[in-house]
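Here are some friendly notes to read alongside the model. Take them one at a time, and keep the 3D view open as you go.

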Amino acid sequence: MFITTGIIQTALEIGLIYSLVALSLFISFSILDICDLSTDGCYTLGCAVGAVVTIGGHPILALFLAMAAGICSGFVTAILQTRFGVQSILAGIIVNTGLYTVNLAVMGFSSNLSIFGSDTVFSLFKALNPSKAWGSWSPLVLMIIILAIVVFVIHWFLGTRLGLSIRATGDSRAMVRASSINPGFTITVGLCFANALTGLSGALIGQFNKSSDINLGTGMVTIALASLIIGETFSKKSQNMLWKILSVIIGSCLYRLIVSVALRLNVPTEAFKLVSAIIVAVAIAAPQARELILLHRQKRAAMKENLSEGGER
Amino acid sequence: MKKNMTKLTAILGAGVMALSLAACGSAGTTSATSAAASSQSSAAAASASSAAAGSGKVYKVGIVQYVDDASLNQIEQNIETELDALGEKNGVTFDYADYTKNGQADGTVLNQIAADLIADEVDIIIPIATPTAQIMQTATEENQIPVVFAAVSDPVGAKLVESMDAPGANITGTSDALNTEAIMNLIFAQNPDAKKIGLLYSKSEDASTAAIENATAYLDEKGIEYVEKTGTTNDEVSAAADALIAEGVDAIFTPTDNTIMTAELAIYEKIAEAGIPHYAGADSFALNGAFCGYGVDYANLGVATADLAADILLNGKSPAEEPVQTFDNGIATVNTDIASALGLDIEEIKTAFEPYCTQVLETVTAKEFE
Amino acid sequence: MLQLVKISKTFNPGTVNEKKALVDLSLELQDGDFATIVGSNGAGKSTMFNAIAGSFYPDRGHVILDGEDITFVPEHMRSRYIGRLFQDPMLGTAPHMTIEENLSVAYLRAGTGRHAIFSRISAKEKKLFRETLAQLNMGLEDRMKNPVGLLSGGQRQALTLLMATVVTPKLLLLDEHTAALDPGTAAKVLDLTKRIVKERNITCLMVTHNMNQALELGNRTIMMDSGNIVFDVRDKEREGMTVEDLLRRFAEDTGDSFNNDRILLSTEGGV
């Protein structure tokens, strides 16, 4: 069979886990207009913290501690930008570099930790029902539940006064200052929230893969950005915040499905990065290309008119 | 909503078009290799001397490579050659050509590669290197497809097996754990007066941790001073090498470290110019300019992995009971170009090394094995 | 209400670009004063506003608001009591957020709003915004869910004015806020300004390049040059003044003649 349910399940499960990082970038990049390059390190931090706590026997607590670790990472990145005037890109790079050592330390200075044999949230959830069908679908169901909670929290939060202030900060800092809000505060809250999501994603992938590796996060920010951009093409014209949030998740899952199809077609994995680049480029360029074609037609019609009029005279 | 559907179709369409273009290219090569494979098996059938195992059955073998690098590639090639040979010998076909995947050091893709192989209903999975093996372990937890890993330095530490002798589940394989003491002996055999040893490795390499611990323990016992410098990218490794040269070390030791391996071609010249012999845990290092590579013969390891896999498939052995194989590091590979650059006589070296290894091979600096 | 005591500010001190923007500037503003400020470019008008609003801290001197020394209080805390409008209509609002959302962010300045940062826009508040917008007579109350980026310059400036006054400030700083608008819209926004300032008795400082306006609006006219106040007329003394008188006084007090074309020309039949 060309596409099995197993392939689609994995694609969706992975897509949902990575969509958390895409959502994190949605908050830091789309809303706050900050390029947060500490994502890679924070993702690995979440994975490392999650792994250590899961091995210690507390898989659910692991998720929360991973989020707390993400908040700490986001806090440092924010303080560098708001208090010490470091440019946002550089602040992210600095934190990312420092996190490498922190992550190694969390893993006990080993570059790889295996969680095999310990309970994870996925195994606990699966144990709720012994049927085989449940065993096969339970990870996906768990991810959908987690994502539903996250989407609800993000949507609710962005509608509160604080959420509005954060949105305004990304739109016009002058206006925020004039409204008696401290942009440093809103940036800090925004970055902490975003990095908490990244940490959560790292912890979930660690429990999903049953391992934590120091090099896990490399290139994560690029993949998440690609998912974000693909998702945003669906919601560009919309003002509905809920749809904007959901489209990010759709973008991430779509990206993973395309990777699955690529694998089925035996595309050499070396070509994957190029394929992703092409897909993102097409996604962004499609509306523009459409307009170019329309314009071209308009021009041709106008020129025809001119010619026929000129001929008559 | 309609606009969104058009956008969705556009993206999927573009995606499929791009993929089919790429697939056409690769489909061409895979059909060529499977033609070669089938001609091999037909040749095997034609040669009448086969024993009863000439069933002509096709086994699907999924080989998963982590990243491109001389040692890992060497393993992959040897696995494939040995599978071909065994297939011919037993009158079956090991079809790996359609199922060989390379993760390109991208962990995010490995999960989906696993799902892909399972959908293809492969009979066995051969992951190369620890991160790949761990993901295959999780992916086969339910379906218990046999997994034979290649080149995992610490299978017990990585929780892939319960113990080296009795793995206990569907996973077994070959380990390239390094005999560090043996290399240290070589260093002092060549230069008994060595006072300071440089340790060059990457902290992010799982394989290096145990080996460096052994090295430092050995050196502590002997009371020899050592300096550790690490790097995780080519630039950092280069800087680390510079630092060790500046420290005036008498020799440099590197375990089976993929990161240093990737950077070896960039650093070997300055190390040789400084008159420092570079000892490393794999012969591929010597190929790329280190003075001496002493460790597991990766060609051998590849062959043994293929043997193990074939054994499980053909003879129905259970991975739970097949012990993980380690290799007696017997072969030292010395780079003659570097030896001359260091002003050392190759015959003297051979004599010095003789008590510590079974064989001394020579090589010159090149990029890949022939 | 407001006291500026010997404020001095030099930009890029010790370099080729050194500029003494404010030199021992002192000003006293009473409650309810509406002072217009004129001066040529580089006189220091916007810089004075920046000093009052807190965009920078002065090198020397004090800023005292209602008896409290706010010289080193950060900008976002001062904006609780000090509202400001800029010449650029784009600066005061968030273009990607709706009118409703912009107003509710501005409303955070209200005491109750601050404590409830997790509160959402209530129906009562939406009603309040609607009523306030209706006063503008620009039809904005029907477009409350539209993003602000779609509004024209005049509409945005009017909205910014509302946002600055939705919680009545102690002091309002208007930095040529109608200069970038077409005459019709400018007139509307100016009327709105006069109305709101009068209704709520807001103390106001307004920079203008229109000499007629400078003498007609408010109760006080201040002229600045080279980082200091050159003259300051109010009430009775100001009533009889004409633009020529203004120019003559300028020449007397500075020894220069007023030489800004734009300002001089704008007196011809301007609004």
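Predicted model: local features only at pLDDT ≥ 70, side-chain atom pairs only at ≥ 80, totals over all residues.

1. Now for the overall dimensions of chain A. Its C-alpha atoms fill a box of roughly 90 × 60 × 35 Å along the principal axes. Of the 313 residues in chain A, 53% are buried. Among contacts in chain A with a separation of 6 or more, 78% join residues 24 or more positions apart.

2. Next, look at where chain A meets chain B. Here 48 residues of chain A are in contact with 43 residues of chain B. On the chain A side, at least two residues each come from α1 (5-31), β1 (112-114), β2 (211-213), α10 (220-235), α11 (241-264) and α12 (272-312). The largest share, eight residues, belongs to α11(A). By class, this side of chain A has 27 nonpolar, 16 polar and five charged residues.

3. Finally, turn to chain C. This contact takes 19 residues from chain A and 26 residues from chain C. Which elements of chain A give two or more residues to the side that touches chain C? They are α7 (161-171) and α8 (173-178). The most come from α7(A), with seven residues. The chain A residues on this side divide into seven nonpolar, eight polar and four charged.

Conventions: Residues numbered from 1 in each chain as written. Chains lettered and ligands numbered in written order. Contact = placed C-beta atoms within 7 Å. Helix = DSSP H or I, 4+ residues; strand = E, 2+ residues; numbered from the N terminus. Nonpolar A, V, L, I, M, F, W, Y, C, P; charged D, E, K, R; others polar. Buried ≥ 20, exposed ≤ 12 C-beta atoms within 10 Å, placed from the backbone.
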